[in-house]
Every structure is written in structure tokens, then in C-alpha cells.
Amino acid sequence: MSMALPPCRRTKRCGSCAPPEPVSALLVQLLSGLSGASSLFLVAAGLTVIFGVTRVVNFSHGSLTMLGAYLGWSILTRLPRGPEYFVLGIVLTALATAGIGALIEMLLLRRIYRAPELLQLLFTFGIVLVVQDAAQFLWGPNDLPLPRAPWLRSFVTIAGERVPFYDLVLIGIGPLVLAALWLLFTRTRWGTLVRAATQDREMVAALGVDQRRLFTTVFALGAGLAGMGGALALPDASANLQIDLNIITDAFVVVVVGGLGSLPGAFLASLLIGVLQSFGIVLFPQATLVLVFVIMAAVLVVRPNGLLGRAPAVARGAGQGFAAIRPAVPLLLRLGAAALVLAVLAPLAVGPFVLSVMTEMLIAMLFAASLHFMMGPGGMASFGHAAWFGIGAYAAAFAVKGLALGMGAGLLLAPLLAGVAAALFGWFVVRLSGVYLAMLTLAFAQIVWAAMFQAVEITGGDNGVLGVWPAPWAADRRVFYWLVLALCVGATLLLRRVLYAPFGYALRASRDSELRAEAIGLDTTLLRLAAFTLAGAAAGLAGGLAAFSKGSVFPGFISISRSVDGLLMVLLGGVQSMAGPVVGAVAYTGLFDLLLLATDQWRAMLGLAIIVLVLVFPQGIAGSIHRLWLRGREA
Amino acid sequence: MLRVDALHAHYGRAHILQGVSFSVAKGDALVLLGRNGAGKSTTFKSLIGLVRPTSGRIAFDGQDIAGHEPHVIARAGLGYVPEERRIFTDLTVMENLEVGRLPARDGQPPWTPERLFGIFPNLAAMRTRPGGRMSGGEQQMLAIARTLMGNPRLILLDEPSEGLAPVIVEQMVHAIRAMRDGGVTVVLAEQNLHFALAVADHATIIEKGRIAWAGRVAELQADAGLRETWLAL
């Protein structure tokens, strides 16, 4: 499931070869899939080991893989080209990334182990952004293929087919690493301590074990595995800047399918996904990603905790959740009303540029409010909210360009299709706990993104859908602004109304204690599904409006960074009140436009901002302010 | 050996310990008595560092350990057996013991699995059994054995007789006596008065986070009115 344009795997048959025999062709494809699975397994194993002990879903794990690829490239191109030096280079790369991982753990992650898990995810995404800009600065923007030594290009003949020798090497490495890890975890004192800490790290500490050293070494091991995975994939691909997000999505899928925390599960799932991708590319080149998603969904329906996973234990001594939602104070309501009056009158006073920024802010507000609805009252962490936004945008574009309907139909179809998609996807995932949900929403968004990217005939691929303009009566920027204002404010207020309706209370009850909510007769699954669907539809409406506002739709509408934008808006404003996402969206849109104008290294800047924000306010800005306010009242 | 002085601790805003003071001499056995919610478990968690005391002093072997990290306190020779036992259910009996292992101290002979199996014979037959597939009594024995592997000078036992069958309670009495013979100072929290009287020399009664009474176990045994006031339900 290469999420970006798949970099041509050079072991694949090129178009000029003679068509192969069917049976042996299957064998070659199978072997190629198994070899791809090995490097995926190394990365996923690292992710799952780190999660087991630290309870942090390490988004930056993909960045460590990418660093492994780049460092591997730098090391291997400087070494002689014999196989023994290749092994040496791989080992050196693994050690180097392990060292980097240890540094990241000691300097950064150690400070956020008690933060809410969504903030932890966001924090590690900040690291992703910084590493991306750092890698581009150090190695340049171009892909770096590894010049392959003759032994790396050699073939072995199996059943009359030429199988790349390196594929066989990779196939062997997966089980070897699994066996080595198994020995490490069951036959050494360190491994025993790690397994104990995975269950109850507080008790391990009470027995005299220094957790910090344990966490650092576990993180170093995971990082080393990630780096090794990145370097081992080099001969078949290249070091490039897309590796981080591609591999982390794959690894999330593998870890969820295999069962979070289970190494054999990760191994099985890597094989499954690797082989599936390998065959998918040949059999249904357009539908590989959908296929992966279908398999994932099927596994989760039968085994909600993955193939070999067990029900997630509540880790003792882990972080706490967010504070409760509080209704707005009258002052805030009056401020809101005043802001609304100003927003209605604004087009009479401001120029077209400010008006377009304000339109953007309104759409961002609805997007953030819909995400907040799901995360705050719904208690469902989403790392892929852009999926619904993008589906809405493409639905609107499709209504106008494909079905030749008007803007009205487009704006109707946008929330409708997004809502239906959210209901379908939600059906599989709303029962899952926080981190699983965060990983799967992310994976789903990436799959939607790649599907839009791949379905060139319908979506135009990377070129997007152009000419999605508002109806003639709304063509005037001011009229369109008023339309956006009415729909976004209306939808946001509707979400707020729902929050304080009996449904909203029931929803919050299921979030705070699923067991007790069920005991008093609430269908928590249905409640969460309804909230999920509603949030998806609202985000879809925002996406539809965005399509008409920009006049075009691109796969970028579904990118991870848009999902993260939404998260930042919500966390900036605070999860605790409905006003939070509104304020957060307005502030964030403004700040981000400034940042884009001011610097080329916006990713690193944004990443650093996220890291600092979480380090300084581990409970979110609004939570920290609220705490200060309480302290002030007590004093 | 251990001197606790005006210890205060909070859970959030709830003021659980409101000035707990007591002391234990080396080789002695002290029992903390008190009803549910009196603050016995919180006292232990504050001692081992799982709850950070808000104020007060904890002198262990002369050094102040209040507010230190749990692993530092444990390495100083304070062992802790939690009320919920907190066995590592995925780990075997031998692996559970391994997690608790710390270097020997004071030139004392270290606790080894074999020596512990002498005190807890039931465990000897299930070395490779996962902790999750043991009975409550077996888990309690394993929890104590695991903590002894750290060669503690003083051990905190939080309600070791809770929920155990009478036969097992009897074994537990012998086990605690064996521990004391091995030179370990014992502090236990209990609701089971008979058990407490069988193993301890001194008693301290906690009520609503404060010390209500302190004295010799024998005095408590003799004074029914005292028991009625502080311990009866």
C-alpha cells in the first residue's frame, strides 16, 4: 500500500518482458510480497514494542524509518560494495537511528508520558514535521536511489523463474528478527522487565526498577528496528521524503490488524498486507488500497483486537483525560453575538483578500467544530478528520462536474456522502479504544487520499477537479461569503444544540463510563456511531463549501496535514468548551497564513510550535488556563 | 528503622492523610489497623512513593525518603506488596520473581527462589505457570515472594489476608514469621484482627487519615472497648 505515487520497485517486471507463465508468476509475486513484508515488519515491530511499554503511539516512527533510509544511503554509498559491507552498513544505520531514538526519548518524549494520548500523538507529529524539514535540508529534495552492487542485482532461478536474490534475503530477515526479538524478550532479564512494564509499569517501579532507563532502551530498540527497516528497503526503492508518512500508515494498519503489542501478530499482519499489496498491484492496480481497507475491516469485525491481540489493558499510571465540558458563561455568549454581527457586516467594509481569508476561517471553524464534536463530547480521537472534509469536497465537485447539477445539489450531496461514508467506516471502528481509533482514522484518511489520487479518470488525480464554481446567484464574493457564514454558523450552532440535548448528555455519559452508561440502558455503540456520522456530515459540508470557495478540489484536501490542522485548532482552543474550536480555528487560520508568508521552513516552525505547546501546556491551552483560573479563585 | 512524621497526602483535592505519624524499630512487626477508607493503603503508597506526600517526613534508616521516586525507595530496602497484589499475569512465577530481584545487602544471605519456595511450598510446583492462571492465595504468596526477592530490610504488606481461605491465612501467618526470622522488619495493614494479633507486636489505629491510637498488640487484645470504638463496623 504505497500511499504516495509508488516509487517504481525495480524488482517488478517491466513492460517489455515477455508475459510470464501464470503459476510461476504467482510465485514470483508472492515472493516479492513476502520480501516487502519484512521491512514493514521491522518498522511495525518497533512501533508495537514502543507502544507496549510507553503507551505512546509514536507518530514519528515513520520519521525514524525515513532517517534510516537516508542514513543508510549516506553510509552505504561511502562503503565498499561487497555484501559484508552492506551488512555492516545496515548495522551501523540501525545503531545510529537507535541513538537518535534514545535522544528523542530522553529530551522530548519523557516529558509527556502523563499527557492525554491525543496530545502525545500530536507531539510526535510535531517531531515528524521537524524531521521532514531537517532531512530536506541535509539531503536535498530529490529521491536518492542506492547504486546497487552486482550481488544486489543477481537472480536465483526458482521453478524456472528468475527471483531477485535480495528478495530472498529480505524474506529470511523477517523471521530471523522475530526469533531474535522473541529470545530477547523471553530469555533476558531486560526482556522480562519490559514485559512486566507493559502490564504494570508502576508496580515495576515499586519493585526497584528504574523505568526511565527501561523506556529509553525500549525506545532505542524500536527506533533501531525502524531505521533498519528503512535501510533494508533501500535497494528496492530510494531514500525520499515521502517515506515517513507512507510507512507510518502501513505500520498503523499492520499493528492494528496484528493486535497492538503483539510481535507475532505484527509479523502475520505484515505478511498479509505485504502479499496483498504485491498481488493487488498486479490484479487490481486501481483498488489495492481499498482491498487493504476491506481486509482490515474484515479482521476487525471478527477480532476487534487484531489477529493475535488481546483486549487493551488499562495501563496503570497512564495519563488522564481532559476536563469536562462547561456551558458558556453569559459574557462569552454576548461576545459571540457581537462577533456574529461584525461577521455579517464585514463584507461591506473589507476588501476581497480579507473576505477570502474570512471565508476560509468560517469553513475552518465548521471543520474544527465537527472534529471537536467527535473528540470532546464523543470522546473519539480522530487523526483523519480530513477524510470527511475531502469526501464532501469531492462529492460537491462530482455533483457539479460529473452529474452537471447545481451548487445546491453539490452542497446537499457533500454532507450526505460524507455522512454515509462516516457511518460505514464508523460501524467498524466506534467500538475501538482511543489509540486504535486514532490510528485507524488516520489510515482511513490516507486510503481515501490515495484512492482519489489513483482514480485519475474520475478525480483527475493530482491535477484535481477544476472549475467547481458557485451558482451564478452566489458568484459575487460577498454573497458567497454570506452563504458560507449562514451555513457554517448554522451548522456549528446545530452541533452545539445537539450537545446540550439529551443525546449530548447520553453521549458524554458513554464517553465517561461506557460500562455505567450501558448499565442505565444507553446503547453506547449506537450513540457513538450517531456522533461519528454527524461529525462526518458536518465536516463534509465544510469540504463542499471549500470546494466552491476555491473553485477546485485536490487530493491535498484529504492530507494528513489537514487533519492535523483540525486537531491543532481544537487543541489550541481547548476541548473543554464549544467556543474552543471556533476561537482555535480563527486564530490558527490567521497564524498559519502569517507563517506561510514569513518562512520557507514552515513545517519545522509548525512542528517546533507543536512540541513547545505540548511541553508547556501538557493539558492543552484551555485546560491549563482553566487550572490557573481555578487557582486564582482559590487564592 | 522507619519513622513517619506528620504525613499529609491528597488525591486530587481530597485530603486523605491528615498527619499520620508512627515508627517501627528494626526487627519489629507493626500492624496498621483501621476501617475501609481510613488511609492505610494511602499511607503505604506514600511510603513507597506511588503517591507523592504533600508534606511530612519519612525517615527510613536515617535518610529522608519522602517524595523520592519509587524505584529509589525500593532500592533503599523498602519492599511493598500492594493490596491488589498486582501480579504480572503474562509472566510465569519464575519471571515474576526475576522482576523483583535486587542485589543482596548488608551481608545478609539473599532471598532466592529456592529459599522462598521453602516458605511458600505451593509456588514450587508451579514455576512456569503464568501469574494470570493462579488462585488468589497463590497470587498473594507470589506477590510477597516477589517483593522479598528485592532483599528488603522492611516490607509493607497491604492486607495480605484479604479474601483468602482460612487454610491459606494460616500459611500466611507462618510465612510472615519466617520473614521476621530472616531479619525483615514488617509493617502490615489489616482489617482482620485475629491475623494481625497473630503476627504483630505493635498496633497503630488509623481513622479518617489520623492516628487514633497506638500501643502494644496485647493491650488491644485486652481492651474490648477500644476495639469497639475504632474497629467495629
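Author: In this predicted model, the crossing of helices H15 and H21 of chain A is right-handed. The two helices, H15 covering residues 407-429 and H21 covering residues 524-550 of chain A, have axes that come within 7 Å and cross at roughly 145 degrees. The residues that make up this contact divide into 16 nonpolar and 7 polar, with no charged residue among them.

A search of the whole structure, over all chains, finds 19 aromatic pairs, and one of them is formed by A:Phe425 and A:Phe532, a tilted pair with 6.0 Å from centre to centre and 40 degrees between the planes. This pair links distant parts of the chain, since A:Phe425 belongs to helix H15 and A:Phe532 to helix H21 of chain A, 107 residues apart. Both A:Phe425 and A:Phe532 are buried.

Other aromatic residues of chain A can be described alongside this pair. A:Phe59, A:Phe125, A:Phe252 and A:Phe383 form one aromatic cluster. Two arginines lie over ring faces: A:Arg162 over the face of A:Phe155, at 4.2 Å from the ring centre, and A:Arg562 over the face of A:Phe557, at 5.2 Å from the ring centre.

A:Val400, in helix H14 (residues 386-402) of chain A, counts as buried because its relative accessible area of 17% falls under the 20% cut-off. Between A:Val400 and A:Pro470 there are 70 residues in sequence, and their C-alpha atoms are 9.4 Å apart in space. A:Phe219, placed in helix H8 (residues 211-232) of chain A, is buried as well, with a relative accessible area of 1%. The C-alpha atoms of A:Phe219 and A:Pro472, 253 residues apart along the chain, are separated by 58 Å.

The backbone also deserves attention at two loop residues. Most residues other than glycine have a negative phi. A:Arg55, however, has a positive phi, near 60 degrees, and is found in the loop between helix H1 (22-54) and helix H2 (61-76) of chain A. With a relative accessible area of 18%, A:Arg55 is buried. In chain B, B:Glu159 likewise has a positive phi, near 50 degrees, and sits in the loop between strand S7 (154-158) and helix H7 (166-181) of that chain. B:Glu159 is buried, its relative accessible area being 5%.

B:Asn36 lies in the loop between strand S3 (29-33) and helix H1 (40-48) of chain B, and it counts as exposed because its relative accessibility is 63%, where the cut-off is over 50%.

Conventions. Residues numbered from 1 in each chain as written. Chains lettered and ligands numbered in written order. Predicted model: local features only at pLDDT ≥ 70, side-chain atom pairs only at ≥ 80, totals over all residues. Heavy atoms only, no water. Helix = DSSP H or I, 4+ residues; strand = E, 2+ residues; numbered from the N terminus. Buried < 20%, exposed > 50% of the residue type's maximum accessible area, 1.4 Å probe, protein only. Axes fitted to C-alpha atoms, helices over the stretch in contact; angles between N-to-C directions. Left-handed = near helix turned anticlockwise from the far one by under 90°. Nonpolar A, V, L, I, M, F, W, Y, C, P; charged D, E, K, R; others polar. Phe/Tyr/Trp six-rings, centres within 6.5 Å; stacked < 30°, edge-to-face > 60°. Lys NZ or Arg CZ within 6 Å of the ring centre and 35° of its normal.
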